[in-house]
Structures are given as structure tokens and as C-alpha cells.
Amino acid sequence: MSPVPLLLKLLAAHLAGDFVLQSSRVAAGKARPAVLAVHLAIHALLLALVGLTEPGSFRLWFGLLVVLVAHGAIDAWTTRMESRDLRHLALDQSLHLASLCAGAAIAEPWRVAAAAGALPGLMQGPRVWVVVAGAMLAVAAGATVIGRWVRPFREALSDESRAQLAGLELAGRWIGMLERVVIFAAVLARVESLIGFVIAVKAVLRLPEARERWSRELAEYYLVGSLASLGWALVAGLTARALLERVG
């Protein structure tokens with residue numbers, strides 16, 4: 001059995017410290033030095049436990065110290081930001097992930113060298129590019145194609161339906177993109193049953209919209225867009241899967 005990579009252990013410890021052992025009160029109050037110190041003490045304990053599972057060395061403990069210090073600096077900065085939306089969370093966790101990678105690289109520089117040496121060979125293989133191109137075709141290009149496909153239907157909506165649609169257009173675009181991500185991944189992973197789950201969820205959520213006249217219009221509009229999105233993602237996924245099978 002191969003040993004668990006240090007980076008994976010650091011990631012598990014970070015997730016435990018930030019999402020399992022951190023209360024909402026601590027998360028909201030980390031701008032106060034005392035609260036931040038308590039949070040860092042928990043992470044220090046988790047990092048110490050990680051260190052005890054690895055062969056002891058100066059590089060290891062110095063890398064863990066770098067992770068802890070970086071965690072404190074990142075939290076001290078990000079908790080003072082006024083915005084607390086998803087972008088704030090993404091920035092905070094991306095910085096933490098970078099610090100975990102840096103700590104693992106300090107502790108195990110040979111693993112970084114091995115990964116860097118294997119990367120060119122991986123990027124030269126066709127399988128990676130088939131998946132990347134297929135995902136961009138299914139998700140990003142699909143957003144443009146489906147948007148133009150449903151434009152005539154959107155222009156045919158009544159004023160009441162347009163008023164209801166105005167505040168939901170951006171949400172609908174993101175729902176469609178997430179839907180195509182799930183379908184594309186399900187086709188590549190050969191978990192086609194997941195596609196039926198996605199369709200069932202959307203059908204249940206759209207059912208109340210079939211009561212009023214404007215609701216029926218919106219329901220039909222969403223149905224056209226959903227079926228087009230589903231078909232596009234299926235074709236992209238099946239094409240990518242066939243190419244993967246052909247290149248071996």
C-alpha cells in the first residue's frame with residue numbers, strides 16, 4: 001500500500017479545522033486577535049497530528065510551520081474584508097490551498113520534482129485535451145448556443161412573463177451551466193442514471209409554474225431551454241467519450 005501524500009493529509013486537516021471544528025461565532029469573529037488565536041491553536045494541533053504521522057525531519061516541521069503562519073496571515077487579512085460572498089470564500093480558500101501546496105513542497109521537494117517531470121508527458125497526451133475541449137464545448141460554448149436558440153422564444157413571451165423572467169435570467173444561465181457540467185461528467189463516468197436525477201429535480205421545481213397563463217409560458221420557455229441544454233451536453237459528452245475510447 002502506497003503512503004498517503006502529505007498534501008492530502010494537510011488538506012484533510014485544513015478542512016477539519018475550517019469547516020468541522022470552526023463554529024460560526026469563531027468564523028465571524030476572527031478579526032479579533034483572541035478569536036483568531038483560538039482558531040490557529042486548533043489548526044496547530046491538527047498540523048501537529050499530521051506531523052506525527054510522517055517521518056520526522058526539519059523540512060517537515062518547517063513546512064508545517066509555514067502552513068500555520070500563512071493560515072494566520074490569510075485569515076487576518078480576509079476576515080477584515082467587507083464582502084462575505086462566494087467570491088470572498090473562493091479567494092480565502094484558494095490562498096489556503098496555495099499555502100498547503102507550499103508547505104508540502106518544502107517538506108517533500110522530491111515529490112514536487114516528480115510531479116513537475118510527469119506534467120509535460122500528461123499534457124502531451126490526447127486524453128486530457130479531449131476532456132478539456134469537450135468540457136468547454138458542453139459548458140461554455142453551450143451557454144452561447146442555447147442562449148441564441150431560445151432567443152426567439154424569449155422574444156415571444158408576454159409582458160407578464162418578461163417581468164417574471166427579468167430577475168431570473170442570470171440564475172437560469174448558471175443553472176444551465178451547472179446542469180451541463182453534471183451531464184457531461186455523468187456521461188464520461190458512465191453514470192447515466194444521474195442525468196435522470198437532474199431532469200427529475202428540474203421537473204419538480206418547474207411544476208408550480210404551470211398554473212397561471214404567464215407561468216405556463218415561462219414553463220414552456222424553460223422546457224425548451226432545458227431540453228436543448230440537455231441534448232447539447234449529451235452530444236458533447238458522448239462525442240468526448242467516443243474519442244477517449246478511440247485514443248485508448
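A search of the whole structure, which is a predicted model, finds one cavity of 30 Å³ or more, a cavity being a set of points on a 1 Å grid over the protein atoms alone where a 1.4 Å probe fits but cannot get out. The volume of the largest cavity is about 80 Å³, taken as the space filled by probe spheres set on the points, with grid points joined across faces, edges and corners. Local features need pLDDT of at least 70 and side-chain atom pairs count only at pLDDT 80 or more, whereas totals for chains, interfaces and linings use all residues. Residues are numbered from 1 along each chain as its sequence is written, and side-chain values use heavy atoms, with hydrogens and water left out.

The largest cavity is lined by L10, A13, H14, H43, L46, L47, V67, L68, H71, H96, S99 and L100, where a lining residue has an atom within 4 Å of a point. Two or more lining residues come from each of α1 (6-20), α3 (33-52), α4 (58-78) and α5 (86-107), helices being DSSP runs (H or I, at least four residues) numbered from the N terminus.

One of the lining residues is H43, which is placed in helix α3 and counts as buried at 4% relative accessibility (buried means under 20% relative accessible area, exposed over 50%, partly exposed in between, with a 1.4 Å probe and protein chains only). Not counting residues up to four places away in sequence, H43 touches A13, H14, G17, D18, L68 and H71, contact meaning heavy atoms within 4.5 Å.

In the loop between α9 (169-188) and α10 (193-206) lies R190, which has a positive phi of about 60° although it is not a glycine.

Notes
1 Å grid on protein atoms, 1.4 Å probe; cavity = no way out; pocket = protein on both sides within 12 Å on 5 of 7 lines; lining within 4 Å.
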